[in-house]
Amino acid sequence: MSDTTSCQSPALDDPSLSADEARQRMLEGITPITQAEKVPVRSALGRILAADVIAPYDVPAHDNSAMDGYAIRYDSLAGDAETALTVVGSAFAGSAFSGQVGAGQAVRIMTGAVLPAGADTVIVQEATRVEGNTVFVPSGQKLRQNTRRAGEDLARNSVALAAGKRIGPAELGLIASLGIAELSVRRRLRVAFFSTGDELASIGSPLAPGQVYDSNRYTLYGLLTRLGADIIDLGVVPDRPEALEAALREAAGMADAIITTGGVSVGEADFVRDILARLGEIRFWKLKIKPGRPMAFGKIGNAWLFGLPGNPVAVMVNYAQFALDALLRLSGVDPLPERPLLSVEAANVIKKQPGRREYLRGAVALVDGRWQVRTMSHQGSGILRSMSEANCLVVLPEACAGVQPGDSVQVQLFDGLY
């Protein structure tokens, strides 16, 4: 395998804002929404907890068996020899043994059944042999084996789930295990979005010469729906300053965040920057990345604005690398310190000049027992099909000067990202 230092070195100096600097500025400036509402547990999937969930009792509530077998007193065992014990009853999940296990005795027990009084150890049934009402236990057993102690999952009055936790399937089950039927969650984030450009047509209308159908709003619809936001689609706004200003004012009056696509570069018809500066504030404008170099971040009134590029791939890259974590923070979630990356082997040559971080579409696959990534042949930021065919982004740091087959590169898998 060839040397990998070219893609593992620190970023080079550049007057543009680096990806890490941009992310830090965004997260430092945003505070979460505070309004909360009560919802039934089954309506809480994807929502953000507004208050800690406190365990009202121990989970499990009783000492119980982790296996099917025999509950015994450990001090009944004969050390290094096989021990014969008298079976005095049975315990089932939901039907406890009412007596007490004495010396030389055993109780047949099923997984989840309450551990009988006097018993402290469970012998799995596969390790025993039974003759009539006598069970023979081999040597080598350990005290408290195959038992689950009361409160070992959650102790009474402990925090089961902390405020700010996003509720997934595991959390739904955990909450249900506590008998809790209703939760306090933060209200859904309200996000308004629109596309800009005279060349854009909406689905259902015929294309005029030079027009294309607007795909970005549908991509954003999918991304924001997965985020769990309440979304406000303001359609396509033409490249006229008065129309853009009216749309931004309208969006700022009804949403916590605004996402626009297009109009943030340096073309004659790119007005978003000037309007944003007049209506609110600009935190940054230009990034040292590819694709997605022009990206506006700022604020209008109480609404945060994310001005994404117009190219479809750049929209998805900038959303995942920057807007997503900012929106999570605004929702009440503390995002991870940085995006998780996996190191895999490059399957092909990747050309790159030092100076900016690049995100390339790639496909990770298991080849001859090794995980490899091959970049898509078309990397243009307007080729949305490549995002559908890929399953990851290959992340090349600023100092990387190219990649050879066999080099180690870092990837972000799409699963969980989009």
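**Strand pairing, cores and local backbone features**

Asparagine 157 is found in the loop that links strand S10 (147-148) and strand S11 (159-161). In this predicted model, the phi angle of asparagine 157 is near 70 degrees, a positive value in a residue other than glycine. With a relative accessible area of 58%, asparagine 157 is exposed. A second residue with a positive phi is aspartate 368, where the angle is near 50 degrees. Aspartate 368 is placed in the loop between S23 and S24, and its relative accessibility of 74% makes it exposed as well. Most residues other than glycine have a negative phi, and most peptide bonds are trans. Cis peptide bonds are present in the model at the following positions. The bond from valine 59 to proline 60 is cis, with omega near -5 degrees; proline 60 belongs to the loop between strand S2 (53-54) and strand S3 (64-65). The bond from lysine 290 to proline 291 is also cis, with omega near -10 degrees, and proline 291 sits in the loop between S19 and S20.

Strand S19 (residues 289-290) runs parallel to strand S23 (residues 357-367), and 2 bridges join them. Lysine 290 stands opposite glutamate 358 of S23. Glutamate 358 also has leucine 396 in S25 as a bridge partner, within an antiparallel pairing of S23 and S25 over 5 bridges.

An open sheet is formed by 6 strands in the order S16-S13-S17-S21-S20-S18, with mixed pairing. Strand S16 (230-237) and strand S18 (281-286) each have a single partner strand and stand at the edges, so one side of each is left without a neighbour in the sheet. On average, neighbouring strands of this sheet are turned by 15 degrees against each other, direction ignored. Strand S13 (residues 190-196) pairs with S16 in the parallel sense over 6 bridges, with phenylalanine 193 having aspartate 233 in S16 as its bridge partner. Helix H3 (residues 216-227) packs on the sheet and touches S13, S16, strand S17 (257-261) and S21. The direction of H3 makes about 165 degrees with that of S13. Helix H1 (residues 19-29) lies across S18, strand S20 (294-300) and strand S21 (303-308), and runs at about 160 degrees to S18. Threonine 219, a residue of H3, is buried with a relative accessible area of 16%. Beyond residues up to four places away in sequence, threonine 219 touches Met316 and Leu384.

In soluble globular proteins, nonpolar side chains tend to be buried together. The largest nonpolar core in the model has 48 residues, of which Ile259, Phe306, Tyr319, Leu327 and Tyr418 touch the most other members. Two or more residues of this core are given by each of H1, S13, H3, S17, S20, S21, helix H6 (312-331) and strand S25 (392-396). H6 supplies the largest share, 13 residues. Isoleucine 259 has contacts with Val191, Ala192, Phe193, Phe194, Leu220, Leu224, Phe306, Leu308, Tyr319 and Leu327, not counting residues up to four places away in sequence. Another core, apart from this one, holds 21 residues, among them Ala243, Leu248, Trp285 and Ile300.

The axes of helix H4 (residues 241-254) and helix H5 (residues 272-279) come within 10 Å and cross at roughly 50 degrees. H4 and H5 are therefore oblique to each other, and H4 passes H5 in a right-handed crossing. Pro241, Leu244, Glu245, Leu248 and Arg249 of H4 meet Val272, Ile275, Arg278 and Leu279 of H5.

Strand S6 (residues 105-109) has 4 of its 5 residues buried, so it is largely enclosed by the rest of the structure. Strand S4 (residues 69-72) is joined to S6 by 4 bridges and runs antiparallel, whereas strand S5 (residues 83-91) pairs with S6 in the parallel sense over 4 bridges. Arginine 108 in S6 is the bridge partner of tyrosine 70 and also of serine 90.

How values were computed
Residues numbered from 1 in each chain as written. Predicted model: local features only at pLDDT ≥ 70, side-chain atom pairs only at ≥ 80, totals over all residues. Heavy atoms only, no water. Pairing = 2+ DSSP bridges. Axes fitted to C-alpha atoms, helices over the stretch in contact; angles between N-to-C directions. Contact = heavy atoms within 4.5 Å. Core = buried A, V, L, I, M, F, W, Y, C linked by side-chain atoms within 4.5 Å. Buried < 20%, exposed > 50% of the residue type's maximum accessible area, 1.4 Å probe, protein only. Parallel < 35°, antiparallel > 145°, perpendicular 65-115°, else oblique. Left-handed = near helix turned anticlockwise from the far one by under 90°.
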